[in-house]
Each structure stands twice: as C-alpha cells, then as structure tokens.
Amino acid sequence: MTLAETKTHRTLTDDEGYLTGKLLIAMPTLHDSWFDRTVIYICSHDAEGAMGLVINKENEDVNGNDIAEQLDLPNSEEAKLGVLRHGGPVEEQRGFVLHTREFEQETTVKVGAEFSLTATVDILKKIATDKGPESFIVALGYSGWGAGQLDDEIQQNSWLSVDPDKTLVFSPKLDDLWANAIGKLGISPELLSSDWGHA
C-alpha cells in the first residue's frame, strides 16, 4: 500500500489542509452510480490527490470466509472480520483496515485524531486471534482522485464533509450510515439540492 509505505510513522490530520481524516458524504445529486449515497473516510488528501475508503457499501463479491481461506485462517473467523466493505473501484483486491488507535504496527498510519490505517495481512491474523484493534472495518479496494479532482467535485456540490466519530464509522448499520452522517450536519437529506452550499 503506497500510503503506508511512503508515510510510515506520520500522523495525517486535517491540520495539513484539505479533508484528510474527514468523512465525505455524497450529495443526492451526484450523478455517479458507483458513489450513490456513499460515505467515504478520507485517508489522504493533498495537492497530489486524495484516497479514501467507502465505509457504507458492503462487498458482495468477497466475504470473510473467502479471506479466511486465502490467509489459511479457520472459516469460523469470518464473523470476527465483520461485513467486508467495498472500499472503492480502485485495486479492488487490495485490503485495508481502518481501525482505532490502540493497535499499531510498523506500517500503521495514523489518520486524523482517532483513527489509523493498516494494510498488512498480519493485522487480519491479529484480529482472528483477538489481538487486533478494538474497533475496525475491513475494506477491499479504495477510492482515488487525481490532483485537484476531488477539490473540483466539492466545488460542484457533489460532496459534503463532516468530522467522523467512532460510532458512525464503525456502525454495522450500513443502510442508515449515509442519512446518519448527514444528520451530523444538523440537516435532513430531503433538504439537500444541487444548490445547497459547499462541503
């Protein structure tokens, strides 16, 4: 994973600018079937582009048993991995674990104030043996934007942003997550339109 390899031991926060460590919420008017009503945790966002994980879209192609079999873990460990997320349309076979801060490995990247990102097989083995992070989500694939691309989409009112919290990020109720994320802004999804303000 490039992010972990190039930014090991760094803490990425919104203090560096842009939306690193924020939740990105798709506007109802976003005309992209893949990102319809998605909530994305932004792991990195700077002048070179952005990378994030969709946290409210279930991966219907791969489940915990598939991962357990590939890693030679007992199939009973499927439940421990939880519902796998479809993190995005880029490199859909690559795995990422977004998790709480108390777990850390050499390649773990701290993102924002409360979360970390690890993209190694070892963290899945730790989870399987109850030695992993307290809270986590496992995602395959990621969402990526080139230089200035996400910034342009935000200017076009395609996205809103909001500060994340653990209850929202790790919620198992994926169907409610989009509306709940918008609720953090104090507005109702029904009030959103293409003319409503910028993220």
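Analyst: This is a predicted model in which local features need pLDDT of at least 70, side-chain atom pairs count only at pLDDT 80 or more, and totals for chains, interfaces and linings use all residues. Residues are numbered from 1 along each chain as its sequence is written, and side-chain values use heavy atoms, with hydrogens and water left out.

User: How many helices and strands are there in the protein?

Analyst: Both are DSSP runs numbered from the N terminus: helices are H or I with at least four residues, and strands are E with at least two. The protein has seven helices and 10 strands.

User: Why is strand β9 largely enclosed by the rest of the structure?

Analyst: Buried means under 20% relative accessible area, exposed over 50%, and partly exposed in between, with a 1.4 Å probe and protein chains only. Strand β9 covers residues 136-145. It is largely enclosed because, of its 10 residues, the number buried is nine.

User: Which residue of β9 is the bridge partner of Gly52?

Analyst: Two strands pair if DSSP finds at least two bridges between them. Strand β4 (residues 49-54) pairs with β9 in the antiparallel sense over three bridges. The partner of Gly52 in β9 is Ser143.

User: In which sense do β5 and β9 pair, parallel or antiparallel?

Analyst: Strand β5 spans residues 85-86, and two bridges link it to β9. His86 stands opposite Leu140 in β9. The sense of the β5 pairing is parallel.

User: How many bridges join β6 to β9?

Analyst: Strand β6 (residues 90-100) runs antiparallel to β9. Val90 has Tyr142 of β9 as its bridge partner. The number of bridges joining β6 to β9 is six.
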